[in-house]
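Take a look at the model below.

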Amino acid sequence: MAIAREAQPVGSLHEVREAGLDREDLLGVYRNMLVTRGVEERGHILYRQGKIPGSFYTGRGNEAAAVGVATAMGPDDVGTPLHRDMGVHIVRGVDPWRIFAQYMGRQDGPTHGRDGNVHMADSQLGLIAMVSHLPAMLPVAVGCALAFRIREEARVAVGWFGEGASARGDAHESMTLAGTRKLPMVFVCDNNQWAYSTPTHYEFATEHVADRAEAYGFEGVVVDGTDVLAVYREAKRAIDKARAGGGPTLVECLTLRMEGHAVHDDAFYVPKPLFERWAENDPIERFRTWLRDNADLTDEEEDEIASGVKRQLATALERAEESPQPDPANLTQGVFASPEDLDTPHHK
Amino acid sequence: MAELTYLQAISDGLRTEMRRDKRVFLIGEDVGVYGGAFKVSLGFQEEFGPWRVIDAPLAETAIVGGCTGAAIMGLRPVAEMQFADFISCAWDHLVTVAAKQRWRAGTPVPMVVRLPSGGGFSGGPFHSQNPESSFAHIPGLKCVCPATPEDAKGLLISAIEDPNPVLYFEHKHLYRRIKGEVPEERYTTPLGKARTHREGDDVSVITWGAMVYTAEEAAQQLDSDGVSVEILDLRTVMPWDKAAVLESVRKTSKVLVLHEDTRSGGFGGEIAATIAEEAFEDLDAPVKRLAAPDCPVPFSPVLEKTYIPQVDDVVGALRELAEY
């Protein structure tokens with residue numbers, strides 16, 4: 001039986017305004033979702049062209065969940081987004097050309113070719129680069145929240161994890177520490193129903209991942225992760241609550257991973273009807289329709305946004321392809337930090 | 001100067017930094033109200049309050065991972081593992097996230113993990129280990145192993161100041177047994193700089209931690225044989241003072257590498273290999289290693305004495321070298 005609250009869809013433009021977004025913001029959200037998908041689609045092409053070493057991961061189907069949560073974050077909040085959360089990087093303002101450079105292992109990627117795919121983050125934008133081990137970034141996010149609590153700052157940390165990673169002890173320990181200390185923390189579960197090839201019923205025995213929240217002493221809420229406005233509203237509530245000293249919330253965004261775990265995986269194990277059903281809930285198409293029905297999105301506006309994104313990504317690709325390969329002479333530099341490395345806004 | 005125990009010197013160093021730098025905080029199991037399992041932080045919560053001396057749930061990954069997040073946000077966390085052995089529960093985090101974040105993502109992680117380590121009092125397999133070699137092998141982590149009260153304070157302050165994740169191995173068997181003069185003011189002892197514990201001409205012992213004292217007792221016995229033993233206390237195994245080791249090798253031409261950790265893959269192997277590579281021509285005898293056998297730490301006092309290198313073992317090894 002479900003324990004977590006089930007979030008309602010956002011009905012009207014009026015409700016959206018109440019949640020804190022005006023029409024201009026909504027067009028920005030739509031644009032960010034297009035950029036998110038566009039970056040990953042172009043990444044896929046680069047991969048097929050043999051320009052991306054290693055493997056390639058996308059978050060197709062998760063654009064609303066990532067963009068919705070990131071839109072609700074304040075400028076000084078921090079987050080630890082994962083491999084399905086490209087939208088978070090886009091909302092926080094990373095320039096797509098640097099993402100393409102990262103994909104291709106070039107010098108201008110955020111990790112300068114030292115790490116690949118979405119293992120990146122611009123710390124100046126309040127993001128911390130993920131590792132492959134999941135959900136290893138949850139305790140890090142909790143530590144950020146702890147720092148905010150110690151310094152009595154009105155800032156919130158957002159930590160992402162998947163429903164597969166919810167099985168690991170890191171998730172339990174993180175929620176225990178955040179819950180016992182009522183830290184300004186929001187846990188976001190991207191439940192895309194498949195951990196590689198493993199379905200949810202082999203990952204957790206409750207109805208929802210968010211049902212666990214109550215056991216840690218805070219609220220859990222399940223939201224349709226294809227509905228960007230519903231995600232935004234729930235994330236905003238959770239972030240506002242955390243900022244006001246109300247402690248953590250677990251927001252579970254329910255989606256379907258619309259591609260394989262990575263490019264090599266054709267996801268044969270996912271029943272076809274499931275793909276077909278969720279394809280009807282494509283987050284971008286869904287939001288576009290909502291904007292037309294509720295916010296008078298015109299053909300001209302739609303074209304302008306779409307062509308703007310197309311142009312931006314074409315330029316970004318060109319620029320990334322010009323980025324040099326990393327210099328092997330620098331390979332072992334920076335294994336250890338030097339005192340000057342602490343000369344950052346955070347460490348002042 | 002005041003005479004302090006090794007444990008009091010650690011407390012003094014931590015208190016000094018917490019008074020000086022508001023960014024420093026302590027988190028661990030029972031570190032607050034109880035003052036820590038070994039009482040290193042006794043009275044700290046009264047002085048610094050519950051948000052700078054934080055009693056954590058029994059969750060080592062959350063403690064160490066949390067310190068990483070707090071460090072990235074600009075604080076200077078100090079985590080206490082109740083026993084060094086429990087760092088295995090946070091191994092993944094230290095090795096996967098904290099150690100690689102600077103190199104990979106450009107984000108420094110200035111934090112210290114305090115690790116009460118070492119055997120000698122029937123702690124058994126899970127309260128006696130010396131896991132420094134495992135971590136010295138991980139690029140991005142520093143490993144500090146003080147032997148004296150003066151170094152315990154100075155190295156802890158350096159560790160807190162350092163912009164990297166530093167594992168600070170404090171030897172439990174030295175806590176109350178070893179006393180020494182410790183300056184009252186704040187001072188730092190640089191990481192990566194060995195200390196000549198005892199000057200000698202005939203044989204060098206390269207060691208660290210509690211084994212410094214085992215080597216000292218052995219060296220005194222060898223004095224009566226007319227064998228002069230030099231003891232080099234590495235102080236930190238990562239970074240380690242290669243230059244000081246090679247200098248001592250060149251002086252005595254005979255070397256014993258001694259540690260309490262197990263033999264195979266122990267850090268002594270790295271030292272011996274480096275000596276073989278860089279000072280082969282200076283050697284008058286094969287480099288000798290003395291370490292615990294490749295076996296878990298036993299509980300029974302009889303077994304533990306067999307396990308941890310004893311003074312007699314060191315004396316035997318040194319005599320063999322001297323006679324070679």
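Gly245(A) follows α8(A) and has a positive phi, near 95°. Helices (H or I, at least four residues) are DSSP runs numbered from the N terminus. This is a predicted model: local features need pLDDT of at least 70, side-chain atom pairs count only at pLDDT 80 or more, and totals for chains, interfaces and linings use all residues. Residues are numbered from 1 along each chain as its sequence is written, while chains are lettered from A and ligands numbered from 1 in the order in which they are written.

Stay with α8(A), residues 228-243. Its 16 residues should span 22 Å at 1.5 Å a residue, where the expected span is 1.5 Å times one less than the number of residues. The end C-alpha atoms are 22 Å apart, so the two agree. Buried residues of α8(A) include Val228(A), Tyr232(A), Arg233(A), Glu234(A) and Ile239(A). Buried means that 20 or more other C-beta atoms, placed from the backbone, lie within 10 Å of the residue's own.

Now move to chain B. Thr61(B), Val64(B), Gly65(B) and Thr68(B) of α3(B) meet His93(B), Leu94(B), Val97(B) and Ala98(B) of α4(B). Contact requires C-beta atoms, placed from the backbone, within 7 Å. By class, this contact holds 4 nonpolar, 4 polar and no charged residues. Nonpolar covers Ala, Val, Leu, Ile, Met, Phe, Trp, Tyr, Cys and Pro; charged covers Asp, Glu, Lys and Arg; the others, Gly among them, are polar.

Finally, the chains meet. Chain A brings 37 residues to the contact and chain B 33 residues. On the chain A side, α6(A) gives the most, with 10 residues.

How values were computed: Contact = placed C-beta atoms within 7 Å. Helix = DSSP H or I, 4+ residues; strand = E, 2+ residues; numbered from the N terminus. Buried ≥ 20, exposed ≤ 12 C-beta atoms within 10 Å, placed from the backbone.
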